[in-house]
Amino acid sequence: MLPRPALLALPALLLAPLAGLAAPAHAAASTDHDRWLEPAPLVPLDEPVYGYHRDPAVATNARGDSVAVYVVDPPSDGVPTGEVRLTRRPAGGTWSYPVEVSGGRDYGTDGVAVGIDAAGRALVAWSRPASRFNPVNDEVLVRTVAADGTLGVTRRLSADRAEGTDPAVAVAPGGRAVVTWLDGGDVRAATGTTAGLGTPVTVAEGAGGQSSPTVAIAPTGDAVLAWDAAGAGADAGRVVRSCTWAAAAGGCGPVADVDGGTSSASALDPAVAVGDGGDAVLCYGLDAEVDGLRYAVRPGGGDWSTPAEVTAAAPPALGSCQVALRPDDALVVGHADRDGRTYVAVRGDVVDGPRGPVGAGRRLNGPDDGFRGFSLDAGRAGDVAVVVSGRSRLLATTVPRTARQATAVQRLEFPEPGSGYGATLAAVGVDGQGNAYGPAVNDSCPVTYCANPQWRPWTITLDAAAPALEGVAGPRAATVGDVVRLRAVGVRDLASAVTATWRFSDGSTRTGTSVSKVVRQPGRLVARLQLVDAAGHRTVQQVVVTVTR
């Protein structure tokens, strides 16, 4: 694992002494452990779970609040069904028991997406057929989720009798939200806040045969939308297009053609990311004489750059690339080739610097791992997490905020791997410390075919930071026979539980954040507090109590 300098910072007590706290003689934080925790069941393992679980998605804010969704297709009478289920994890807490958010009338639910603001409020959007007997006439729906988990009223966004599909959601820290989707061939969008959205508008009309809409948003609330469309002319390939929706504007700005649209080059399936300063980056597949992936950069308020190559010989397949733009203007790209080989690569300063090829980067999965997709997300500080979904396992890695390559890949195995289909799907979201959280679903069917599918929901966690400690409260001096009480103040770990152990210079030990001890000898009593989280990260602080007769 690569060290992250920001995580080696000393606890806050060393930076600003707190009144009433014993002065530390030693304090340090350690991060030299594998940090991805083993998958944990979202529901008890002894609880029967039936139906196919699919399409996990998650959104995480800087302080560590997460909202995750996935779709469950229960065994039915032959008509496709699908329930959107939601689980929440408050910062430093645990995942809630999943609840249904789609209202129980979802025939073939597809395309679920979620976004979250800095206060923990969220928006969930999904598409479904409008009728049990009309699986073509889809509709896009949205529902608000309050910070305490209270669900708002489900609202339909798509036009009446339109084929509403492919919703995408982006939410800024301040609560501004944008949802985009397809209504037939039209790209549509609605903006507002996590409390509710305004009236939908048309971004691009259907004459261009639009598809694959996506959106990303800056902290200012300015959003960048992208999609692909049929190029002009009978033999023209598809073209990636984009527009910017400023926070104060009533609609998207001018539409720009980024790449493709010629008889020899077709660009499609864009992925978009926006940096804190409004800079944006697009990654997309290019179906040309030599297939590959390209990227383009748009400095805040400017035009899209001339496209550059990510790497050649990669497929222009949906989901073949995902991108992040770090605060240091480095581009992080996750991409997969036709055979499911998945990579993550970094190129520095693509906003102002030269924009050459990114390269393949680090290989994440092997030939025996299988491939079902991958998820990439970046936290506000620039830490990136990538999870590849494989056969009964996940392959997980990180790109720390200043690193130029990914850390070593960690395999996450499931306690119920199954020996049949064994498929796994996961999504990941990153907080401001670099911790990552997400839902995963795994088929634990023990044979090749199960009459009752045994998919089960799980959660995954990257614990990237040592426990926080403000200081140790307690006396600086005592008399023989006194009861000395010491208390660890401000103990917090966003990702996992913390164990507190005290070791005293007389050889005794105590556990817990608050301890007491009778002092029986004069001299210096040294108390060494060690906090250890589930990933093995340690925070240590030492205090001295002077004991007199």
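This is a predicted model: local features need pLDDT of at least 70, side-chain atom pairs count only at pLDDT 80 or more; totals for chains, interfaces and linings use all residues.
Mentor: Residues are numbered from 1 along each chain as its sequence is written, and side-chain values use heavy atoms, leaving out hydrogens and water.

Trainee: Why is G209 called partly exposed?

Mentor: Buried means under 20% relative accessible area, exposed over 50%, and partly exposed in between (1.4 Å probe, protein chains only). G209 has 33%, so it is partly exposed.

Trainee: What does G209 touch, not counting residues up to four places away in sequence?

Mentor: D228, A229, A230 and R238; contact means heavy atoms within 4.5 Å.

Trainee: What makes F414 and W458 an edge-to-face aromatic pair?

Mentor: Rings of Phe, Tyr and Trp (its six-membered ring) pair if their centres lie within 6.5 Å; planes under 30 degrees apart are stacked, over 60 edge-to-face, the rest tilted. F414 and W458 sit 5.4 Å centre to centre with 75° between the planes, so they pair edge-to-face. Both residues are buried, too.

Trainee: How do you know that K517 lies over the face of F504?

Mentor: The rule wants NZ of Lys or CZ of Arg within 6 Å of the ring centre and within 35 degrees of the ring normal. K517 is listed as over the face of F504, at 5.3 Å from the ring centre.

Trainee: What makes β30 and β31 a pair?

Mentor: Two strands pair if DSSP finds at least two bridges between them. β30 and β31 have 6, in the antiparallel sense, so they pair.

Definitions and conventions:
Helices (H or I, at least four residues) and strands (E, at least two) are DSSP runs, numbered from the N terminus.
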